[in-house]
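Please view the model alongside the text.

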Amino acid sequence: MAKKYYVVWKGRETGIFTTWLKCKDQVDKFAGAKFKSFPTLGKAEEAFGKKSGNKSPKANTINKSSKPKTIPLSQKQITDMSFDIKIFTDGACEPNPGEAGAGLAVYENNKLSELWYGIYQALGTNNTAELNGLNQALILAKDKITQGYSVAIYCDSTYAIQSITKWAHGWSKKGWSKKGGEIKNLDIIKAMYALYQDITHKVVIHHVNGHVGIEGNELADRMSLVAIESQDEHLNLYRETDDIAEILALREG
């Protein structure tokens, strides 16, 4: 996931924060809190300066001369994150291009609560499967948010994440076009971007590495294979078993 910078104009402390957790500490349950995420430090500084009327502060932990290193999230780090709902999403395609499907694993208070599979495509790609999975995660996230839950999404596709959190902003400004060729999977990306914009301040999307033992990612992976095997174009709750070990024993994508 592309790094974000969080501006807090009204909260326990104001300024620019480099992680969602630090931002959340300032605004969670703070009456009238005002905050927003930005894709670059420059944009965050500009936005903070405009609304505060002051010279924008520098984010203390940022070294602008060097690119921040991305450290893969561990299972413990994910478990320790203070979100009510954690949604893991994955997509699979056999072969690529070929039959494709998506899967989701939903945790409430770090306990597995739902498994979903479906969105089968007779001729899809790995990218369309990943996009479909993330799209369904966003739809589910919006529903959970309206119920008052805090939500994070975990996806192992950099392409799917950046399509809506980074690239779509520029494409939309240019009339949904890009230099050098067509935007692949434009229809679903446009729909996802609209949905993401609607909940962007209330959901966090994290990138996770696939097949490194993160339970939610592994379960979502298994569901994406169930989707291909079932050939169901709709999203369905998985009801065969709630035994995690049994599900993990299914073939992986």
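## A loop residue with positive phi

At 46% relative accessibility, Gln231 is partly exposed. The cut-offs are these: buried is under 20% relative accessible area, exposed is over 50%, and partly exposed lies in between, with a 1.4 Å probe and protein chains only. Gln231 sits in the loop between α7 (215-230) and β9 (236-237). Its phi is near 55°, a positive value in a residue other than glycine.

## Basis of the model

This is a predicted model, in which local features need pLDDT of at least 70 and side-chain atom pairs count only at pLDDT 80 or more, while totals for chains, interfaces and linings use all residues. Residues are numbered from 1 along each chain as its sequence is written, and side-chain values use heavy atoms, with hydrogens and water left out.

Helices (H or I, at least four residues) and strands (E, at least two) are DSSP runs, numbered from the N terminus.

## Other backbone angles

Most residues other than glycine have a negative phi, and most peptide bonds are trans. Ile119 has a phi near 55°, a positive value in a residue other than glycine. Ile119 belongs to strand β6 (residues 111-124). Ile119 is buried, at 15% relative accessible area.

Another joins Asn96 and Pro97, with omega about 0°. Pro95 is in the loop between β4 (85-94) and β5 (98-108). Pro97 lies in the loop between β4 and β5.

## Helices α4 and α6

Two packed helices are described by the angle between their axes and the distance between the axes. For α4 (residues 126-146) and α6 (residues 186-199), the axes come within 10 Å and cross at roughly 25°. Axes are lines fitted to C-alpha atoms, for helices over the stretch in contact; angles run from 0 to 180 degrees between N-to-C directions. α4 and α6 are therefore roughly parallel to each other. Angles under 35 degrees count as roughly parallel, over 145 as roughly antiparallel, 65 to 115 as roughly perpendicular and the rest as oblique. The crossing of α4 past α6 is left-handed, meaning that the near helix is turned anticlockwise from the far one by less than a right angle.

Contact means heavy atoms within 4.5 Å. On α4, the contact residues include Leu131, Leu134, Leu138 and Ile145. On α6, they include Ile188, Met192, Leu195 and Tyr196. The contact of α4 with α6 has twelve nonpolar, two polar and two charged residues. Here Ala, Val, Leu, Ile, Met, Phe, Trp, Tyr, Cys and Pro count as nonpolar, Asp, Glu, Lys and Arg as charged, and the others, Gly among them, as polar.

Asn135 is found in α4. At 13% relative accessibility, Asn135 is buried. Neighbours within four places in sequence aside, Asn135 is in contact with Ile188, Met192 and Leu195.

Is Ser157 buried or exposed? Ser157 is buried, with a relative accessible area of 6%. Ser157 is in the loop between β7 (151-155) and α5 (158-173). Its side chain reaches the backbone nitrogen of Ala160 at 3.0 Å. Not counting residues up to four places away in sequence, Ser157 touches Glu130 and His207. Ser157 and Gly133 are 24 residues apart in sequence and 10.0 Å apart in space, C-alpha to C-alpha.

Gln162 is in helix α5. Gln162 is buried at 16% relative accessibility. Beyond residues up to four places away in sequence, Gln162 touches Trp167 and Ala168.

Technical notes
Polar contact = N/O pair within 3.5 Å; in protein donor to acceptor, adjacent residues only side chain to side chain.
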